[in-house]
Amino acid sequence: MKTSRGSATRIVLVGRNRAGYWVALEQGGFFGGLFVNRAQALKYALSENGGHPESIIEVTREIDLEIRASL
């Protein structure tokens, strides 16, 4: 997917971790967050991926927040 500016749209995975918190995690691990509820996780995912709801994927498996550091 591409945005109107030509940059790739980020795929964001949303689901729960083993502690029951909601996680929003960019597919490549470049950004993410930990949330108390689903609505907050989805709002964050939408804001971080440029407003593309079609690029948000809810997963049923447990996901962990792992963010890749870029230098």
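User: What makes the meeting of the Arg-18 and Glu-62 side chains a salt bridge?

Analyst: The side chains of Arg-18 and Glu-62 come to 4.0 Å, N to O. The cut-off asks for a nitrogen of Lys or Arg within 4 Å of a carboxyl oxygen of Asp or Glu, so the pair qualifies. Keep in mind that this is a predicted model.

User: Why does the pair of Arg-18 and Glu-62 tie parts of the chain together?

Analyst: Arg-18 sits in the loop between strand 1 (12-16) and strand 2 (22-26), and Glu-62 in the segment after strand 4 (56-58). These parts are 44 residues apart in sequence, so the pair ties them together.

User: Is Arg-18 buried or exposed, and how do you know?

Analyst: Arg-18 has a relative accessible area of 66%. Exposed means over 50%. Therefore Arg-18 is exposed.

User: What makes the pair of Arg-18 and Asp-64 a salt bridge?

Analyst: For Arg-18 and Asp-64, the N to O distance is 3.7 Å. The limit is 4 Å, so this pair counts. Asp-64 lies in the segment after strand 4, while Arg-18 lies in the loop between strand 1 and strand 2. The pair therefore ties together parts 46 residues apart in sequence.

User: Why is Asp-64 put in its accessibility class?

Analyst: Asp-64 has 35% relative accessibility. Buried needs under 20% and exposed needs over 50%, so a value in between is partly exposed. Asp-64 therefore counts as partly exposed.

User: What makes Glu-58 and Arg-38 a salt bridge?

Analyst: Their side chains meet at 2.6 Å, N to O. Glu-58 lies in strand 4 and Arg-38 in helix 1 (residues 38-48), so the pair ties together parts 20 residues apart in sequence. Glu-58 is partly exposed at 39% relative accessibility. Arg-38 is partly exposed too, with a relative accessible area of 39%.

User: What makes the set with Val-12 and Trp-22 a nonpolar core?

Analyst: A core needs buried residues of listed nonpolar types, joined through side-chain atoms within 4.5 Å. The largest such set has ten residues, including Val-12, Val-14, Trp-22, Phe-31 and Ile-56. The largest share, three residues, comes from helix 1. A second, separate core has five residues, among them Leu-13, Val-23, Leu-25 and Val-59.

User: Why is strand 1 described as largely enclosed?

Analyst: Four of its five residues are buried, so the rest of the structure largely encloses strand 1.

User: How do you know that strand 1 and strand 2 pair?

Analyst: Strand 1 and strand 2 share five bridges and run antiparallel. Pairing takes at least two bridges, so they pass. Gly-15 stands opposite Val-23 in strand 2. The two strands form a hairpin with five residues between them, and Gly-20 in the turn has a positive phi of about 95°.

User: How do you know that strand 2 and strand 3 pair?

Analyst: Strand 2 and strand 3 are antiparallel, with four bridges. At least two are needed, so they pair. Val-23 stands opposite Leu-34 in strand 3. Their hairpin also has five residues between the strands, and there Gly-29 takes a positive phi near 80°.

User: In which sense do strand 1 and strand 4 run, and how many bridges join them?

Analyst: They run parallel, joined by three bridges. Leu-13 has Ile-57 in strand 4 as its bridge partner.

User: Is His-52 buried or exposed, and how do you know?

Analyst: His-52 has 17% relative accessibility. Buried means under 20%, so the value falls in that class. His-52 is found in the loop between helix 1 and strand 4.

User: What makes the meeting of the His-52 and Glu-54 side chains a polar contact?

Analyst: The two side chains come to 3.1 Å.

User: In what order do the elements of the chain run?

Analyst: From the N terminus on, they run β-β-β-α-β. That gives one helix and four strands.

Conventions:
Residues numbered from 1 in each chain as written. Predicted model: local features only at pLDDT ≥ 70, side-chain atom pairs only at ≥ 80, totals over all residues. Heavy atoms only, no water. Buried < 20%, exposed > 50% of the residue type's maximum accessible area, 1.4 Å probe, protein only. Polar contact = N/O pair within 3.5 Å; in protein donor to acceptor, adjacent residues only side chain to side chain.
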